[in-house]
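Please walk through this structure from its loops to its ligand. Keep the sequence and the 3D view open while reading.

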Amino acid sequence: MATEQAMLEEEELVLSELNDDELVEQMHEDLYDGLKEEIVEGTSILLKRNWSAEKVLNESLVEGMRIVGVDFRDGILFVPEVLLAANAMKGGMEILRPLLSESGIKPIGKMVIGTVKGDIHDIGKNLVAMMLEGAGFEVTNIGINNSVEDYFQALEKHQPDILGMSALLTTTMPYMKVVIDEMVKQNIRDDYIVLVGGAPLNEEFGRAIGADRYCRDAAQAADVAPEMVRARRRGAISRA
Ligand code: B1M
């Protein structure tokens with residue numbers, strides 16, 4: 001009976017009738033429950049209420065996924081549930097994509113980006129790709145689980161200014177060094193700017209593996225990338 005009542009209440013919930021705070025809170029719950037349609041609807045409603053794409057992204061989607069991450073870590077949520085949450089988040093991101101990417105300027109540089117071998121997390125990397133497109137880059141997103149060979153093939157084919165690598169696991173982040181070491185070995189390291197990112201990384205790690213820069217988040221990547229391309233074209237790049 002109690003469940004029936006709860007179901008009835010849920011059915012009656014009209015997202016567009018909630019105020020902004022209630023809607024954002026409801027979206028956190030819907031993301032947690034992997035409800036893609038509701039996330040898509042909530043995202044559209046907030047945009048119609050003149051929220052910027054960045055604000056919708058950060059306050060409803062990224063924050064919702066942070067909560068999912070905490071319960072995943074604590075063993076309250078499991079892989080299938082987190083996959084549903086990720087799928088719901090992607091539904092919202094698809095709506096935000098054109099808005100985050102619309103800059104209308106001629107490409108100021110090219111980037112190849114992919115998640116490293118052994119790692120299938122792609123939400124953050126896709127966000128970086130979108131934000132870089134928004135910053136005026138032509139971005140080739142080579143997906144997940146990339147080996148050294150995959151990265152090298154993409155570099156040869158697309159001749160980007162920047163190679164971006166993402167890792168979300170402490171066990172896969174060392175693979176970034178494998179890629180960079182191989183670039184050094186093949187004498188192509190200095191042909192590219194290498195940016196790295198992902199939740200378990202930090203600046204010190206970026207420096208230690210020989211990347212040009214560690215980027216904390218997609219917004220920082222979108223700031224750093226044009227800066228680095230300009231510096232490189234001036235012949236003034238310094239690793240940090
Ligand atoms: Co995974 N997972 N996961 N997971 N997962 C984490 C990363 C974890 C921290 C969860 C936890 O325990 N709290 C933990 C890692 C622990 C560790 O290594 N220290 C973990 C684990 C353990 C695992 C498995 C091993 C679980 C298992 O099977 N037992 C497994 C590994 C699979 C594999 O990769 N081989 C696994 C699987 C999965 C799912 C498939 C279920 C799913 C991924 C779905 C997908 O991506 N399509 C998943 C998810 C969703 C997560 C959490 C919950 C969310 C990640 C995310 O999308 N965050 C995550 C917990 C968490 O991080 N809160 C977790 C939102 C995204 C916007 O942020 O990705 O950090 P983020 O990206 C940011 C920045 O990091 C940065 O910018 C982005 C946007 O601002 N950034 C870059 C990222 N890449 C960049 C590249 C750049 C620059 C900046 O290049 C220039």
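**From a loop to the ligand**

Asn 145 is partly exposed, with a relative accessible area of 39%. The scale runs as follows: buried is under 20% relative accessible area, exposed is over 50%, and partly exposed is in between (1.4 Å probe, protein chains only). This is a predicted model, where local features need pLDDT of at least 70, side-chain atom pairs count only at pLDDT 80 or more, and totals for chains, interfaces and linings use all residues. Residues are numbered from 1 along each chain as its sequence is written, and side-chain values use heavy atoms, with hydrogens and water left out.

Asn 145 sits in the loop between strand E2 (137-141) and helix H7 (148-158). Helices (H or I, at least four residues) and strands (E, at least two) are DSSP runs, numbered from the N terminus. The phi of Asn 145 is near 55°, a positive value in a residue other than glycine. Gln 159 is not a glycine, yet its phi is positive too, at about 45°. Its place is the loop between H7 and E3.

Now to a helix. Leu 100 belongs to helix H5. At 6% relative accessibility, Leu 100 is buried. Between Leu 100 and Met 131 there are 6.0 Å in space, C-alpha to C-alpha, and the two are 31 residues apart in sequence.

His 121 lies in the loop between strand E1 (109-115) and helix H6 (123-134).

The shell around the ligand has 33 residues, each with a heavy atom within 4 Å of it. Gly 118, Ile 120, His 121, Asp 122 and Ser 166 are the closest. Helix H4 (53-73), helix H5 (79-101), H6, strand E3 (162-166) and strand E4 (193-197) each supply at least two shell residues. H5 gives the largest share, five residues.

A side-chain N or O atom of Ser 166 is 2.7 Å from a ligand nitrogen atom. A backbone N or O atom of Gly 118 lies 2.9 Å from a nitrogen atom of the ligand. For Ala 199, a backbone N or O atom is 3.2 Å from a ligand oxygen atom.

Notes: A polar contact is a pair of N or O atoms within 3.5 Å; within protein, one must be able to donate a hydrogen and the other to accept it, and residues adjacent in sequence count only if both atoms are side-chain atoms.
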